[in-house]
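I opened the notebook with the sequence and the coordinates side by side, meaning to go through confidence, helix packing and a few single residues in turn.

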Amino acid sequence: MAEDEDGGRGGAGCGDGAGDGDGGADAPPPFSDRVLENVLENVLQFLSSPRDRNAASLVCRSWYRAEAQTRRELFIGNCYAVSPRRATERFRRIRAVVLKGKPRFADFNLVPNNWGAHFHPWVSAMAAAYPWLEKLCLKRISVADSDLFLLAHSFPNFKELSLICCEGFGTAGLAAIAEKCRHLRVLDLIEDYVEDEEDETMDWISRFPETTTSLESLGFDCVGSAVNFEALEALVARSPALWRLRVNHHVSVEQLRRLMARAPQLTHLGTGSFGSAAAAAPLLQGGGSSVVDLAWTFAASKSLVCLSGFRDVEPHYLPAIYPVCDNLTSLNFSFAEIAAEELKPVIRRCHNLQNFLVLDTVGDEGLQAVAATCKDLRELKVFPLDAREDSEGSVSDVGLIAISEGCRKLRSILYFCQQMTNSAVITMSQNCQDLMVFRLCIMGLHRPDHRTGEPMDEGFGAIVRNCKKLRRLAVSGLLTDKAFAYIGEYGKLVRTLSVAFAGNSDLGLRYVLEGCNKLQKLEIRDSPFGDSALLSGLHHYYNMRFVWMSSCKLSSRGCKEVAQMLPRLVVEVIRDRDEDHDNEAVSKLYMYRSLAGSRNDAPSFVEIL
Amino acid sequence: MEGGGSYESGDLDNLKATELRLGLPGTDEPEKLPSMLPRSSKRAILEANESQSKRNPSEIKSLEEDQKPAAKAQIVGWPPIRSYRKNSYQAMKMEAETTGMYVKVSMDGAPYLRKIDLKVYEGYKELREALEDMFKCFSLGEISRMDESNVHEYAITYEDKDGDWMLVGDVPWEMFLSSCKRMRIMKGSEAKGLGSIP
């Protein structure tokens with residue numbers, strides 16, 4: 001639909017009959033603006049991508065208003081980038097919110113407790129502004145039970161709650177959600193810390209409505225306390241729309257069978273322990289489920305495409321999943337401590353696998369088996385059982401090469417190992433041209449190529465050079481500034497970069513800040529980059545979501561200078577408890593663009609420059 | 001118990017076991033942890049345990065862990081694995097639970113000490129039987145045999161957290177587990193005054 005550049009005025013331009021023809025040409029401009037905006041709104045409601053919407057809102061004031069009225073989904077990548085009040089004032093008809101909080105390195109204990117990212121101010125603002133809110137997704141947000149109570153009571157039409165890597169709440173909050181949100185379709189708890197005070201665990205599963213529910217997805221594999229199983233079974237039985245169920249490790253294989261019998265329509269299943277209750281209490285149970293019985297149950301679940309769980313897996317039960325292997329597109333064995341011999345008969349049947357998560361206990365041999373069968377693999381994550389700097393590695397360059405040769409469509413890889421060779425990484429860069437995410441974690445600090453003794457520069461250089469779609473990169477091992485020169489030169493689409501124990505001098509960081517013009521998220525630890533390198537990025541920081549630098553060579557002087565030059569950047573210096581507050585050296589820097597200015601909830605160990 | 005079984009079979013590798021000591025049993029010396037299981041035998045032991053319904057890679061792992069020198073101070077947040085994940089692995093969980101239950105046992109007259117995992121026993125009776133078995137080879141006499149005066153030939157004693165030597169068997173088993181630092185099987189004549197053995 002054609003529209004004048006300065007939009008709105010005159011109104012004669014849009015003649016597709018959508019207007020209600022009131023008043024015609026004599027109507028004062030504001031009125032015809034409104035007509036135009038009505039039309040615009042009708043059109044803009046079809047625009048869903050936030051990027052497109054952001055672009056539309058910049059066209060002119062009229063478009064800005066129309067877009068703000070029609071936006072239904074609010075995505076806030078950094079909860080401190082904008083204030084809740086401002087967001088709720090601009091966008092009045094939001095139905096779904098995604099909110100992200102702490103920096104990712106908080107997952108690795110680098111951010112002290114109580115740093116921030118509290119849900120409270122947001123839920124309070126939304127309770128007032130968005131009574132029709134339906135969906136909420138929170139990541140790395142500190143959520144209290146009281147926040148969940150408020151949520152449960154404020155949104156009568158609430159349908160979907162996803163909490164990812166959150167903490168601060170317990171079963172009391174879950175009970176409130178279950179009880180009050182009568183239209184709940186989704187309750188997904190993913191890698192949260194769900195903690196109750198001693199003896200205060202509540203039976204939240206029993207709080208769901210007694211009638212048929214509209215539940216489609218229920219995931220509580222991260223909840224540490226056992227749930228009332230009878231209540232869970234009854235809940236599943238009266239939730240005919242349920243297609244995803246992920247239970248925690250307290251659910252035994254016998255109990256799992258009962259759940260699966262109630263919900264044969266499941267497509268996604270988190271199996272809990274996948275071990276027998278009999279093993280845990282041999283004197284009480286007669287003997288557990290046989291693997292044959294279990295296999296029959298799986299055979300009846302014809303729709304399963306995604307399996308996870310296997311927390312305390314007893315390997316002799318694994319063959320029970322053979323009936324569904326061929327249909328699986330996603331398999332998460334990353335909590336299953338199994339060896340190659342136990343993996344092989346399973347993986348050999350998974351011809352359609354696209355996502356695979358596994359523990360390094362399967363070794364290079366296990367990975368070779370994956371490469372031999374899973375030709376459609378898109379995403380692979382190999383986690384270490386023994387996550388220490390000096391542990392014995394179980395997977396190596398051999399496994400990486402095998403995967404690159406067998407899984408040519410690979411888009412995303414996360415690989416933990418003790419040592420690596422450039423040659424293997426180069427091979428992967430040549431074989432897997434579709435790679436968008438390459439995260440290699442060589443756990444041994446500063447480890448060079450174990451065959452040539454050289455730094456890992458060439459390997460990572462090949463990745464950025466050959467993988468033209470690369471958007472996310474994590475580097476490790478012995479790396480000189482040369483590696484960063486490569487990244488700056490070739491990593492033109494890289495949006496997220498993670499660096500640890502790498503580089504020689506300020507040049508390294510300079511190369512990246514000057515070269516990677518699409519960079520949005522930068523996290524660096526323990527690398528020798530100082531103030532002058534930090535200052536070389538001034539031209540770019542407003543285009544970024546955040547920068548994290550810890551244990552580098554920064555000083556308050558340099559950080560203050562950045563804060564002064566860029567007033568819309570919030571520059572936080574985080575000090576550990578036992579650190580000297582007068583210390584010039586900055587051990588943790590976290591900076592991000594923001595419309596909200598300095599936050600007013602910063603704890604005492606955070607100094608905002 | 002499975003753990004106890006695999007422990008016994010590793011004795012031949014126990015270099016410490018063959019060390020001749022001239023000092024009194026129980027005197028302090030730098031803790032040099034013996035190699036009890038060659039690393040490559042982990043797989044062999046796992047296979048041997050296959051028939052049991054519950055695997056014990058955790059116990060084997062915990063034995064292996066004993067051989068590592070005092071762990072290097074681990075760097076915060078490295079490697080970058082979420083604690084959620086780290087805390088979930090059975091082997092790691094069990095390791096945390098079993099550390100600290102190994103105590104040295106000396107016997108008067110025996111040329112070398114033994115080390116046992118107290119957690120493996122369900123009570124005093126089993127402990128006594130295990131010790132009997134363990135020190136049988138020294139032909140020093142039975143721990144449970146009495147001499148003419150109806151006093152046991154040997155007394156099993158232990159040093160508790162306060163450094164006092166106590167007679168084994170007086171306190172409830174759980175309390176014993178939490179307070180026992182090491183044990184000594186001493187000649188009955190020396191044990192006079194400690195009371196009779198249950």
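The entries below record what I looked up, topic by topic.

**Entry 1: confidence.** I began by noting that this is a predicted model, and that the predictor gives the complex an ipTM of 0.83 together with a pTM of 0.75. I then turned to chain B, where the mean pLDDT is 64 and 46% of the residues reach 70 or more. Which elements of chain B have the lowest and the highest mean pLDDT? I found the lowest, 35, in helix α2 (residues 41-48) of chain B, and the highest, 88, in strand β4 (residues 165-167) of chain B. Over residues 1-13 of chain B the pLDDT is below 50, and I noted that this stretch has 19 contacts in the model beyond near neighbours in sequence. The pLDDT also stays under 50 over residues 27-71 of chain B, a stretch for which the model has 69 contacts beyond four places in sequence.

**Entry 2: the make-up of chain B.** I listed seven helices and five strands in chain B, and reading along the sequence I wrote down the pattern α-α-α-α-α-β-β-α-β-β-α-β. Of the 198 residues in chain B, 43% are buried. Among the contacts in chain B with a separation of 6 or more, 58% are between residues 24 or more positions apart.

**Entry 3: α8 and α9 of chain A.** I next looked at helix α8 (residues 229-237) of chain A and helix α9 (residues 253-262) of chain A, whose axes come within 8 Å and cross at roughly 20°. The two helices, α8(A) and α9(A), are therefore roughly parallel to each other, and I recorded their crossing as right-handed. On the α8(A) side the meeting residues are Phe229(A), Glu230(A), Leu232(A), Glu233(A), Val236(A) and Ala237(A), while α9(A) brings Gln255(A), Arg258(A), Leu259(A) and Arg262(A). I sorted the residues of this contact of α8(A) with α9(A) into five nonpolar, one polar and four charged.

**Entry 4: α17 and α18 of chain A.** How far apart are the axes of α17 and α18 of chain A, and at what angle do these helices pack? For helix α17 (residues 457-466) of chain A and helix α18 (residues 481-490) of chain A I noted axes 8 Å apart and an angle of about 5°, which makes α17(A) roughly parallel to α18(A). From α17(A), the residues Asp457(A), Glu458(A), Gly461(A), Val464(A) and Arg465(A) meet Lys482(A), Ala483(A), Tyr486(A), Ile487(A) and Tyr490(A) of α18(A). By class, the contact of α17(A) with α18(A) has five nonpolar, one polar and four charged residues.

Entry 5: Is Glu195(A) buried or exposed? I found Glu195(A) in the loop between β7 (193-194) and β8 (217-219) of chain A, and its relative accessible area of 61% makes Glu195(A) exposed. Leaving aside neighbours within four places in sequence, Glu195(A) is in contact with Phe169(A) and Gly170(A). I also checked Glu195(A) against Glu233(A), and the two are 38 residues apart in sequence and 23 Å apart in space, C-alpha to C-alpha.

I then moved to Ser555(A), which lies in strand β20 (residues 546-555) of chain A. Ser555(A) counts as buried because its relative accessibility is 14%, under the 20% cut-off. Not counting residues up to four places away in sequence, Ser555(A) touches Asp531(A), Glu584(A), Ala585(A) and Val586(A).

Conventions
Residues numbered from 1 in each chain as written. Chains lettered and ligands numbered in written order. Predicted model: local features only at pLDDT ≥ 70, side-chain atom pairs only at ≥ 80, totals over all residues. Heavy atoms only, no water. Axes fitted to C-alpha atoms, helices over the stretch in contact; angles between N-to-C directions. Helix = DSSP H or I, 4+ residues; strand = E, 2+ residues; numbered from the N terminus. Parallel < 35°, antiparallel > 145°, perpendicular 65-115°, else oblique. Contact = heavy atoms within 4.5 Å. Nonpolar A, V, L, I, M, F, W, Y, C, P; charged D, E, K, R; others polar. pLDDT = per-residue confidence, 0-100. Left-handed = near helix turned anticlockwise from the far one by under 90°. Buried < 20%, exposed > 50% of the residue type's maximum accessible area, 1.4 Å probe, protein only.
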